[in-house]
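Open the model and follow the charged side chains.

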Amino acid sequence: MVTRSWAMGDTEARTQISDGKLGVLTHPVSNSSKGQVVMSKKRGLSIEEKRTRMMEIFFESKDVFQLKDIEKIAPKEKGITAMSVKEVLQSLVDDGMVDTDRIGTSNYFWAFPSKALHARTCKLEELKKQLSEYSQKKENLQENIEKSKIGRQDTAERAALTKELATLRKKKDQLKSEIEKYKECDPDVVEEIRQANKVAKEAANRWTDNIFSVKSWAKRKFGFEESKINKTFDIPEDFDYID
């Protein structure tokens, strides 16, 4: 008889082959046995962790590398996946944390602690300067706020003036509405209407002249009577220029 066993969840299965027959037996698996098959997954590195570890490569070695060198060192010594090495390195170059230069046909990369310290120092000074400027702006704004409060205390006189101002504004709006009603009587508006009528009159007489010219041409060319032309084209008998 041959017996084989394996774990399935909370039970253990066994196969038995005896006299050419296959059988399956199951029984519970103890907690200690289950603990032996549980495996935890290792969390991957975040992009910031990868950047930090890659900077460690430069700072610890104080050396100059090519991309192929970093692709070998980073996975082995810092746990950075080979596929992400180029992307991480380029992000450091873009942020000015790693220097690069092309010599011949190869690109070289380097970063020294002294430069990083200098960069951090400059950044710190810049932030301190900005903080000082913003603090000064805040003080100026606070002073302006305090000044603007002068004369705006809630007194009886101020309340009366505020009420009077609201009344005057309401009256102003009413007067503007009244003026709008008589807008057509405004001399400027009347003059605009007069000029528009003049232009329209000139245009109408110009087209009247064109119609008379066409009628004259039709009478000469085809011998039509004027009454027939007027009837055919729905031209009124009293059609004439506008005085």
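Is glutamate 48 buried, partly exposed or exposed? This is a predicted model. Glutamate 48 has a relative accessible area of 49%. Buried means under 20% and exposed means over 50%, so glutamate 48 is partly exposed.

Glutamate 48 forms a salt bridge with arginine 51, at 3.6 Å from N to O. Both residues sit in helix H2 (residues 47–61), three residues apart, about one turn of the helix. Arginine 51 is buried, at 11% relative accessible area. Arginine 51 also bridges to aspartate 95, with the closest N and O atoms 2.9 Å apart. That pair links distant parts of the chain: aspartate 95 lies in the loop between helix H4 (82–94) and strand E5 (99–103), 44 residues from arginine 51.

Now turn to helices H7 and H8. Glutamate 226 in helix H8 and lysine 215 in helix H7 are 11 residues apart. Their side chains meet in a salt bridge of 3.1 Å, N to O. Glutamate 226 is partly exposed at 37%, whereas lysine 215 is buried at 6%. Asparagine 230, also in helix H8, is buried at 4%. Asparagine 230 touches Lys215, Ile235 and Glu237, leaving aside residues up to four places away in sequence.

With Asp238, Asp240 and Asp243, Glu237 forms a negative surface patch. Aspartate 243 follows helix H8 (226–232) in the chain and is exposed, at 85%.

A nonpolar surface patch of about 330 Å² comes from Trp217, Phe222 and Phe224. Phenylalanine 224 lies in the loop between helix H7 (187–222) and H8, and is partly exposed at 39%.

Notes: Residues are numbered from 1 along each chain as its sequence is written. This is a predicted model: local features need pLDDT of at least 70, side-chain atom pairs count only at pLDDT 80 or more; totals for chains, interfaces and linings use all residues. Side-chain values use heavy atoms; hydrogens and water are left out. Patches are made of residues with over 30% relative accessible area and no salt bridge: like charges are joined within 9 Å, nonpolar side chains (Val, Leu, Ile, Met, Phe, Trp, Tyr) within 5 Å. Accessible areas come from the Shrake-Rupley method with a 1.4 Å probe; for residues, only the protein chains shown count as cover. A salt bridge is a side-chain nitrogen of Lys or Arg within 4 Å of a carboxyl oxygen of Asp or Glu. Lys and Arg count as positive and Asp and Glu as negative; His and the chain ends are not counted. The place of a charge is taken as NZ of Lys, CZ of Arg, CG of Asp or CD of Glu. Helices (H or I, at least four residues) and strands (E, at least two) are DSSP runs, numbered from the N terminus. Buried means under 20% relative accessible area, exposed over 50%, partly exposed in between (1.4 Å probe, protein chains only). Contact means heavy atoms within 4.5 Å.
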